[in-house]
Structures are given as C-alpha cells and as structure tokens.
Amino acid sequence: MLSFFNLAENPFSVSPDPRYFFVSKHYRGIIAKVGYVVEHRQGLTVIYGDVGTGKTSLARVLVDRLSETNHVVFITNPNFKSDMHMVKAICAEFGLPSKRSLFEQMEVLQAHLIRMYGEDRSPVLIVDEAQLLRGQQFEIIRQFSNFETNDTKLLQIILAGQLDLKKKLLAKKALLSRVVIQSTLQTLPAEEMADMLQFRITAAGGNGNLLARDSIHRVCEVSKGVPREAVKVCGLAMKLAHMNREKIISPNAIDLAHKEMAS
C-alpha cells in the first residue's frame, strides 16, 4: 500500500514516534516552559492532556530533547505495586542498588543526586501516565522535590497525565504548592491540524498531495481537533482509497472511515 502512494512509511501510525510529532505553537510554548524549569533547576512541572491530545508523544519529545544535556529517567507506566517498588524502580534507572527499607532507598537516591550536582550533572525524572500514581506515591514525589540546595532543586520532575491527574493533585495541596508550572494540552485549530497532517505526510516521504484540500477540512471537522482521532481516520481513509485505487484521499473516503470508526 505504501508504494502505491509513493510513501516510505505510514504517515498515520498512532505510535508515539517523536519524528512524527508536529510541534504546534501551543506545544512549542509548553516545551519552552518545561525547558526553562529544567534549565534553571526549579523542580516540578505538570502537563495535563485529554485522551488523544498528544501527551505521550510530547513526553517522548521532551525525553529526546532534554537527554541532550541532562540525565533523563523516563517512567512510562507508573502503576507501581507499592511506594517501595516505585522508589526502587527509579533508583534502578539511575543505576543505584536496592535497599531493604524505604528510608535507606531514599537516602541512596538523595546521596546520588548530591553527587550529580557536585559534578554539574542535571537529573530529570519524567513520569508519563502520572494519573496512575496513587496514595503515598504522591507523597514520595513531594519528598523528591525536597531534595535541594539553598537555591536549586536536585531533581527536576515532569509529571504528564490525563485530566484525572489534576483532580488528584487538587487533593494533594502540599505537592500542588510545589508545582512551578502547569500546562494543559489543547485541541488543534483547523489551520494547525492541516499543517500537522501535511507534516506527517512529508515526514513519511510523501509529496504533500495525499489529502485533497476538502478532505483536510473534513478531517478537522470529524476529529474535533484531537490529533489522534485525525490520524486514525486518515489511516483508515488511506486504506479505503487504496482499495478503490485512488491516489488521493477524497472527502468521501474520510466520511466512510469516520462512519467505520463510529460503528
């Protein structure tokens, strides 16, 4: 199918590949804010995002960018069995030994962060799907934020989670008070949705003519600005166009794909 459309890769894969992440003005602003907090070692930032708005993709972009100048630990599934399991898992990512008690494990981590600070190395902890954290695990994050010198935080923490995370943090006032910047991902306006689709097509080796102009308009309408929904409907529409031996995805193919997804 890809050769039929003169593509090297599938432009509409839903995998969170940073190469296909379109940096809109809104996302660019969030990346800049997070970069400021990390660069100046201010501590904790939080990113909220509804399903399909690109939260995980953005987290992976931050991992790639921040890893250039920082030691980044990326936790993709924080559904830990216990507080101890959580701290051990994070310590393991730093290459630290396992200890018998939570107190000892926290001490080992703090000592390591102090050594890194002395070596002018900046550690960053990014937790995706942070809404899965529960109970005392939020208290652990708060304790991490207490690891500091007189003027800097020893560990930069980025929590990225669905909107449920906001509700959980509202009940954790001691932790919420330590958040330097909060950002919420927005849906894409029509102009940027069109730019995103063209960006993905070009990144996949296409010439930008895969979608008719009216088709892009229909994608904006049926997806309601949610990037993942747009990508999904375009992927199915491309398959339908291939079945009909059509080189360009028509508005009709978009409508048919949307109906198939809804049924």
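Helix α9 (residues 213-223) and helix α11 (residues 251-262) pack with their axes 8 Å apart and at an angle of about 25°, in a model that is predicted. Angles under 35 degrees count as roughly parallel, and α9 and α11 are therefore roughly parallel to each other.

**Helices α9 and α11**
- The crossing of α9 and α11 is right-handed, and the residues that meet there are D214, S215, R218, V219 and V222 from α9 and P251, I254, D255 and H258 from α11.
- Sorted by class, the contact of α9 with α11 has 4 nonpolar, 2 polar and 3 charged residues.

**Helices α3 and α4**
- Helix α3 (residues 83-93) and helix α4 (residues 102-118) have axes that come within 10 Å and cross at roughly 25°, which makes α3 roughly parallel to α4.
- The crossing of α3 and α4 is left-handed, and the contact is made by D83, M84, V87, K88 and C91 on the α3 side and by L102, Q105, M106 and L109 on the α4 side.
- By class, the contact of α3 with α4 has 6 nonpolar, 1 polar and 2 charged residues.

**The largest pocket**
- The largest pocket holds about 410 Å³ of space and is lined by 26 residues, of which G52, T53, G54, S57 and R228 lie nearest its centre.
- Helices α2 (55-66), α8 (190-203) and α10 (227-243) each supply at least two residues of the lining of the largest pocket.
- The lining of the largest pocket, divided by class, has 11 nonpolar, 9 polar and 6 charged residues.

Note on methods: Residues numbered from 1 in each chain as written. Predicted model: local features only at pLDDT ≥ 70, side-chain atom pairs only at ≥ 80, totals over all residues. Heavy atoms only, no water. 1 Å grid on protein atoms, 1.4 Å probe; cavity = no way out; pocket = protein on both sides within 12 Å on 5 of 7 lines; lining within 4 Å. Points joined across faces, edges and corners; volume = space filled by probe spheres on them. Helix = DSSP H or I, 4+ residues; strand = E, 2+ residues; numbered from the N terminus. Nonpolar A, V, L, I, M, F, W, Y, C, P; charged D, E, K, R; others polar. Axes fitted to C-alpha atoms, helices over the stretch in contact; angles between N-to-C directions. Parallel < 35°, antiparallel > 145°, perpendicular 65-115°, else oblique. Left-handed = near helix turned anticlockwise from the far one by under 90°. Contact = heavy atoms within 4.5 Å.
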